[in-house]
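I opened this notebook to record what I looked up in one structure. The entries follow in the order in which I made them.

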Amino acid sequence: MDSALIVSSGERGLSVLSQILRQAGVERLSTAPTAALAKQMLVENEFDLCLINSPLSDETGERLALNIASRGNSEVILCVRAEVFEEVSAHVEDAGVLTVSKPIQRALLWNTLKVAISAHRRVQRFQAENTRLIHRIEDIRMVDRAKCLLISYLGMSEEEAHRYLEKQAMDTRRSKREVAEQILKNYEG
């Protein structure tokens with residue numbers, strides 16, 4: 001996990017949480033004393049993890065945690081007082097927010113942090129795979145459009161258009177997508 005935002009109104013909380021995140025290997029650590037400042041920072045930057053030590057001076061922290069989780073870019077850990085832990089946890093867990101009861105036990109926070117790191121890595125893998133699949137679909141669509149142009153302008157069959165694209169790609173040492181782009185440029189533009 002490369003970056004984290006700690007939202008805590010108290011200096012002591014910031015210090016303890018910063019120390020734990022540094023031990024976990026977080027390279028870029030930012031802090032915000034209020035939910036309003038945290039929201040502004042989240043507009044300007046992306047963070048892998050947001051750790052909220054509630055209550056905050058301008059809100060409880062629960063709404064901020066739900067807001068951050070709804071964006072889907074960051075893992076969120078919300079630290080809440082023991083007397084409201086069950087209620088808050090039940091309210092935010094469906095959004096993917098991890099909750100920790102205060103007073104914070106280092107071992108429990110450390111384990112929660114490990115879960116957040118693991119979840120973040122898994123989401124990153126899914127996002128990378130999704131991006132790869134989207135690119136592949138775009139390639140297929142472009143090649144299909146090029147085949148349609150070859151069929152309509154040159155009277156080729158679909159098999160002939162397919163073989164033509166593959167042969168051009170092999171002969172010119174380019175991808176089928178690059179060959180398709182050239183065909184699209186020649187016939188469409």
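**Entry 1: salt bridges within helices**

I began with helix α6, where Asp171 and Lys167 both lie, four residues apart, about one turn of the helix. Helices (H or I, at least four residues) and strands (E, at least two) are DSSP runs, numbered from the N terminus. I note that this is a predicted model, in which local features need pLDDT of at least 70 and side-chain atom pairs count only at pLDDT 80 or more, while totals for chains, interfaces and linings use all residues. Residues are numbered from 1 along each chain as its sequence is written, and side-chain values use heavy atoms, with hydrogens and water left out.

Asp171 forms a salt bridge with Lys167, and the closest N and O atoms are 2.8 Å apart. A salt bridge is a side-chain nitrogen of Lys or Arg within 4 Å of a carboxyl oxygen of Asp or Glu. Side chains of opposite charge can pair when their charged atoms come close.

I then looked up accessibility. Buried means under 20% relative accessible area, exposed over 50%, and partly exposed in between (1.4 Å probe, protein chains only). Asp171 has 44% relative accessibility and so counts as partly exposed; Lys167 is partly exposed, with a relative accessible area of 47%.

Salt bridges that share partners join Lys39, Glu59 and Arg63 into one network.

In helix α5 I found Arg132 and Glu129, three residues apart, about one turn of the helix. They form a salt bridge whose closest N and O atoms are 2.8 Å apart. Arg132 is partly exposed at 43%, and Glu129 is partly exposed at 35%. The structure holds 11 salt bridges.

**Entry 2: helix α6**

I checked the length of α6 (residues 158-172). An expected span is 1.5 Å times one less than the number of residues. The 15 residues of α6 should therefore span 21 Å, and the end C-alpha atoms are 21 Å apart, which agrees.

Which residues of α6 are buried? They are Ala161, Leu165 and Ala169. Seen down the axis of α6, these residues fall within an arc of 70 degrees, so they line one face of the helix. The arc is that of the directions from the helix axis to the C-beta atoms. The face turned away from the buried side carries the exposed residues Glu159 and Met170.

The buried residues of α6 pack against α5 and α7 (176-188); contact means heavy atoms within 4.5 Å. Arg173 follows α6 and has a positive phi, near 55 degrees.

In α3 (residues 62-71) I listed Leu64, Ala65, Ile68 and Ala69 as the buried residues. Seen down the axis of α3, they fall within an arc of 130 degrees, so they line one face of the helix. Arg63 and Ser70 are exposed on the face turned away from the buried side. The cover of the buried residues of α3 includes β1 (3-8), α2 (35-44), β3 (49-53) and β4 (75-81). Gly72 follows α3, and its phi is positive, near 80 degrees.

In α4 (residues 85-92), Phe85, Val88, Ser89 and Val92 are buried. They cover an arc of only 100 degrees around the axis, which puts them on the same side of α4. Glu86 and Glu87 are exposed on the other side of α4. What covers the buried residues of α4 includes α3, β4 and β5 (98-102).

Ala116 lies in helix α5. It has 0% relative accessibility and so counts as buried. Which residues does Ala116 contact, leaving aside its neighbours within four places in sequence? They are Met1, Leu49, Glu75, Ile77 and Leu98.

I also looked up Lys114, which lies in helix α5. At 49% relative accessibility, Lys114 counts as partly exposed. The C-alpha atoms of Lys114 and Ile68 are separated by 19 Å, and the two residues are 46 residues apart along the chain.
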